[in-house]
Amino acid sequence: MRRFVELLRENDLLKIIDEPVDVELEMAHIAYIEAKKFEAGRALLFTQPVRGKGAYAYPVLMNTFCSQKALNLAFGRDFEGVAAEISSLTKLHIPTTLRAKLDFFSQISRLRFAPPRRLAKTKALYAHKILKSLKELPILKTWEQDAAPFITMGQVYTQSVDGTQNNLGMYRLQVSGENELLMHWQIHKDGAHFYHEYKRAGRSRMPVSVAIGGDPLYIWCAQAPLPKGIFELLLYGFIKRQNARLTPCENGIFVPFDSDFVIEGWVDLDNFKLEGPFGDHTGFYTPPELFPVMRVEKIYAKKDAVYQATVVGKPPLEDRVMALGTERIFLPLLQTTVPDLLDYKMPENGVFHNLILAKIDPRYPAHAQQIMHALWGAGQMSFVKHAIFVGKDAPHLEDYGAIIPYILNRFDAGKILISQGICDQLDHASPDACFGGKAGLDATENFDAEGPEILEDENLRGFFERELGVELKLRQFYKESKSPIVCILCEKREQVKQSFERLLKFKKHFRILVFLDPQNRLENPYMLVWRVANCIDAARDIFIQEGRVGVDATAKGELEGYEREWPQQTDCTKSVVDSLILRKILEDEAEIFKKFEIF
């Protein structure tokens, strides 16, 4: 980690903050705003972390993956090159010439670096300092309504009950005592699967070790969507072209030898406590739920340890860059299941799993629908809620200025597939946790229809207000396309579906209506996409009638029969930001604050 910090500094990707900064809200707010500068943002090294008047002995690194350049530094090479290498391995065939045989064995030989290497017990963590409690670690509290401080960049190492399988996951860990953590592994995660193995075997506890720091590629591997049963550090060895070196903990779990901190202990299989709320990567607080308790037995710290943390919330954030590497590297693997998938993109304001764009080579009727089902059954892609499929002639998927009109000119309400399936456990929009509606749009073919008769925004708003009997705000986007998007902000007096049906009398003037709550800002389409992708369940909130589509992206409640508690969004505490500006630790960047709705 120290070497990587120096590498960031040498490449002008590091900002060092030597003033005292509190781990309660201040540190996370600074990193949150810095990450919104996209490629201009830098990693942040806080050399004097404090909690109130108490100081910590260890600096804190945040926004580690601040840009694509930083991601390549962590990989040790261009991540696009890694993707190309994986692609070539998936296309190996029996060689028939001497040159082909040499190429074949050259590619196969690269796999020798994949398996981790376990060091002798004498190379264990004995050189590390042993800390007395979690209170010695500068663990951050990110958001005002968070239940407690959370470890956010923890590498969670577990193994199957028979010791034959190992897993590295990235799960948030709430501090619930001086030597106690709450293990937030979601129901679909491998750590949770191992937990149930131990339960079935009649065990009372399960060994777990949490590493922080070390090579930053470890934490990237922790979030990689590898198939079940494949140890994530195999990917580390393949990318780095050197075997990960592991050292044993006293509980039998192996962790990277260069970890800055190691927290080892046991999860009590029958002991649960309420974990959360926590402002998560969706940009909303997840509600309190019961999760297992981890009893901490040992905490190790290197002499020159650096504590690594991240902040999650409303996009864009550090996970945008981490996901870019995941997106590119796992495309070749997805193509083994879906060979007609040419490319895909997970826009960060779609919160990744809530919206994907996919480019395909359609060869027969309903080919796009076939691929939709294939993706919804492929590992972590099964969490995707909304997918839009375009043809191979479509613009580059990252060229949103071109790809959106392309889609809207091919938007046929009859080509929308509504389905149901598993959802991310952090998803709040669906009526049931972990299960809800999904939507796929086939936009691969031209839509042979005339566009609507466009009215001025004020005129269309007047028609809608008189019909609904409420004041509203309205804006039309992409009016030059065949399917403009009409966004409406208004207070609900009835179910949105009823309002949509009443407005169908004006259907010649629109094709897509999106309903949102009044606090949204129509001049900010980036955040509108974020809110719509987060706040709809396709089976409940998408209405298709008479060739027109309505979308209910409002907060749900009793009116919709929604029985869960609708969460609040993550907003910075203004007094904290004002204080940081006054102390000249943070700049008053009003444009960023407004664009990304900081408050």
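Two strands are said to pair if DSSP finds at least two bridges between them. Helices (H or I, at least four residues) and strands (E, at least two) are themselves DSSP runs, numbered from the N terminus.

Good morning. The structure above is a predicted model, in which local features need pLDDT of at least 70 and side-chain atom pairs count only at pLDDT 80 or more, while totals for chains, interfaces and linings use all residues. Residues are numbered from 1 along each chain as its sequence is written, and side-chain values use heavy atoms, with hydrogens and water left out.

I begin with the sheets. Strand E4, residues 49–51, pairs with E5 in the antiparallel sense over 2 bridges. Within this pairing, Val50 has Ala55 in E5 as its bridge partner. These strands belong to an open sheet of 3 strands with the order E2-E4-E5 and mixed pairing. Strand E2 (21–22) and strand E5 (54–55) are the edge strands, each pairing on one side only.

Another open sheet of 3 strands runs in the order E7-E15-E16, and its pairing is also mixed. Strand E7 (117–118) and strand E16 (254–256) stand at the edges with a single partner strand each, so one side of each has no neighbour in the sheet. E7 and E15 pair in the parallel sense over 2 bridges, and Arg118 stands opposite Leu246 in E15.

Next comes a hairpin. Strand E10, residues 155–159, and E11 pair in the antiparallel sense over 4 bridges, and Gln159 stands opposite Asn166 in E11. There are 6 residues between the strands of this hairpin, and Gly163 takes a positive phi near 75°. In a regular strand the side chains alternate between the two faces of the sheet.

Helix H2, residues 26–34, is mostly covered, with 9 of its 9 residues buried; among them are His29, Ile30 and Tyr32. Helix H8, residues 233–240, is also mostly covered, with 6 of its 8 residues buried. The buried residues of H8 are Leu233, Leu235, Tyr236, Gly237, Phe238 and Ile239. Just after H8, Arg241 takes a positive phi of about 60°.

A salt bridge is a side-chain nitrogen of Lys or Arg within 4 Å of a carboxyl oxygen of Asp or Glu. Side chains of opposite charge can pair when their charged atoms come close. How many salt bridges does a search of the whole structure find? The search finds 43.

In one of them, Arg241 joins Glu85, with the closest N and O atoms 2.9 Å apart. Arg241 lies in the loop between H8 and strand E15 (245–248) and Glu85 in helix H4 (residues 79–90), so the pair ties together parts that are 156 residues apart in sequence. Arg241 counts as partly exposed because its relative accessibility is 41%, whereas Glu85 counts as buried because its value is 6%.

A further salt bridge joins the side chains of Glu275 and Arg172, at 2.7 Å from N to O. This pair also links distant parts of the chain: Glu275 is in strand E17 (residues 261–275), Arg172 is in the loop between strand E11 (166–169) and strand E12 (173–177), and they are 103 residues apart. Glu275 is buried, with a relative accessible area of 0%, and Arg172 is buried at 8%.

Arg521 and Glu523 form another salt bridge, their closest N and O atoms being 3.0 Å apart. Glu523 is partly exposed at 47%.

I close with a single residue. Where is Ser419 placed? Ser419 is in strand E25, residues 416–422. Ser419 counts as buried because its relative accessible area is 19%. Leaving aside residues up to four places away in sequence, Ser419 touches Trp376, Gly436, Gly437 and Lys438; contact means heavy atoms within 4.5 Å. Thank you.

Terms used
Buried < 20%, exposed > 50% of the residue type's maximum accessible area, 1.4 Å probe, protein only.
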